[in-house]
Amino acid sequence: MNIHNSLVKEQRLKEILSEMERIIIAFSGGVDSTYLLKVALDTLGKENVLAITADSESFPPSELEETIRIANAIDAPHQIIKMSELSIPGYSENDSNRCYYCKKGLFENLYPIMIEKGYHNLTFGLIKDDLGEHRPGVKAAIEKNVRGPLAEADITKEDIRIRSKELGLDTWDKPSLACLSSRIAYGETITIEKLRKVDEAEQFIKGFGIKQVRVRVHHEIARIEVDPSDMNELLKYHKEISVQLKSIGFKYTAM
């Protein structure tokens, strides 16, 4: 870990934010957007920063509550908007461009708020690590002129965890987030019922003290993924988990 490099990059981030003057941040409450929000508040002042969270079908209710808690903890102006991803053309069909449709819909919801409230830029928590991956949402951001200040400052996930811990953000070691729709195999239609089942299953498993869990849906099969360090814990409660997931509506469970 190179703390000096992380500080240099953070200074560059502050310079980028200063040039933006007044910004809206698409805020998920994850590691990246929380760090961006904190640095933006410290750089621009709360009167020039607005965090907006989209309450949608694929965003777990527990995470929505978490965004409220985090925003309050760092004294950030925070607005929640209602959004239906399943009403976005192309989204529920769930092809490999699903994230493009999602981000495009999100940014189209945020843009009028930016204009109405007099902010100058829309931003989101894109980081350097994301640039080498399949990220259709980046295409939507480019089309809508939405900026990723963290990526522009060459900031990585490691940098963010280092600085978040030093800044006292309790998200510094939070597991990476991914929307509930990411659990459903490409090509399989996304429905509210499937998203509800995934969220209910994951919340149940987390109740055993397992922090990072994904319940992937393959038709009638629930494939549970956890970190290697949690596999023994998962196996310890496999009977209870299998029974619960069957009651939720899954016919088979794989771990």
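**Salt bridges, packing and overall form of the predicted model**

R12 is partly exposed, with a relative accessible area of 36%; in this scale, buried stands for under 20% relative accessible area, exposed for over 50%, and partly exposed for the range in between (1.4 Å probe, protein chains only). The structure is a predicted model, in which local features need pLDDT of at least 70 and side-chain atom pairs count only at pLDDT 80 or more, while totals for chains, interfaces and linings use all residues. Residues are numbered from 1 along each chain as its sequence is written, and side-chain values rest on heavy atoms, with hydrogens and water left out.

R12 takes part in a salt bridge with E15, whose closest N and O atoms are 3.4 Å apart; the criterion is a side-chain nitrogen of Lys or Arg within 4 Å of a carboxyl oxygen of Asp or Glu. E15 is likewise partly exposed, at 37% relative accessible area. Both residues belong to helix α1, where they stand 3 residues apart, about one turn of the helix. Helices (H or I, at least four residues) and strands (E, at least two) are DSSP runs, numbered from the N terminus. An α-helix has 3.6 residues a turn, so residues three or four places apart point the same way. In helix α2, K38 and D42 are 4 residues apart, again about one turn of the helix, and form a salt bridge with closest N and O atoms 3.4 Å apart. D42 counts as partly exposed, with 46% relative accessibility. Salt bridges with shared partners also join E10, K14, R163 and E166 into one network. Over the whole structure, 22 salt bridges are found.

A further salt bridge, 2.8 Å from N to O, links the side chains of D159 and K9. Because D159 lies in helix α7 and K9 in helix α1, this pair ties together parts that are 150 residues apart in sequence. D159 is buried, at 7% relative accessible area, and K9 is also buried, at 19%. Helix α7 spans residues 157-166, and its buried residues are K157, D159, I160, I162, R163 and S164. These buried residues pack against α1 (3-20), α2 (31-44) and α6 (149-152). Just after α7, G168 adopts a positive phi of about 80 degrees.

S58 occupies the loop between β2 (49-55) and α3 (61-73) and is buried, with a relative accessible area of 2%. Its side chain makes a polar contact of 2.6 Å with that of E85; such a contact is a pair of N or O atoms within 3.5 Å, and within protein one atom must be able to donate a hydrogen and the other to accept it, residues adjacent in sequence counting only if both atoms are side-chain atoms. Apart from neighbours within four places in sequence, S58 is in contact (heavy atoms within 4.5 Å) with E85, Y91, C179, L180, S181 and L195. R196 counts as partly exposed at 35% relative accessibility, and a polar contact of 2.5 Å joins the side chains of R196 and E200.

The largest nonpolar core holds 44 residues, of which I24, I205, I224, L245 and F250 touch the most other members; a core is a set of buried Ala, Val, Leu, Ile, Met, Phe, Trp, Tyr and Cys residues joined through side-chain atoms within 4.5 Å. Two or more residues of this core come from each of β1 (23-26), β2, α4 (98-117), α5 (136-143), α8, β5 (213-218), β6 (221-226) and α10 (238-248). Helix α4 supplies the largest share, 7 residues. A second, separate core comprises 27 residues, including M20, F27, A51 and I74.

The protein contains 10 helices and 7 strands. Its radius of gyration, taken over C-alpha atoms, is 19 Å, close to the 18 Å that the globule rule (2.2 Å times the number of residues to the power 0.38) gives for 255 residues, so the protein is as compact as a globular protein of that length. The C-alpha atoms fill a box of roughly 55 × 40 × 35 Å along the principal axes. Of the 255 residues, 49% count as buried. Among contacts between residues at least 6 apart in sequence, 71% join residues at least 24 apart.
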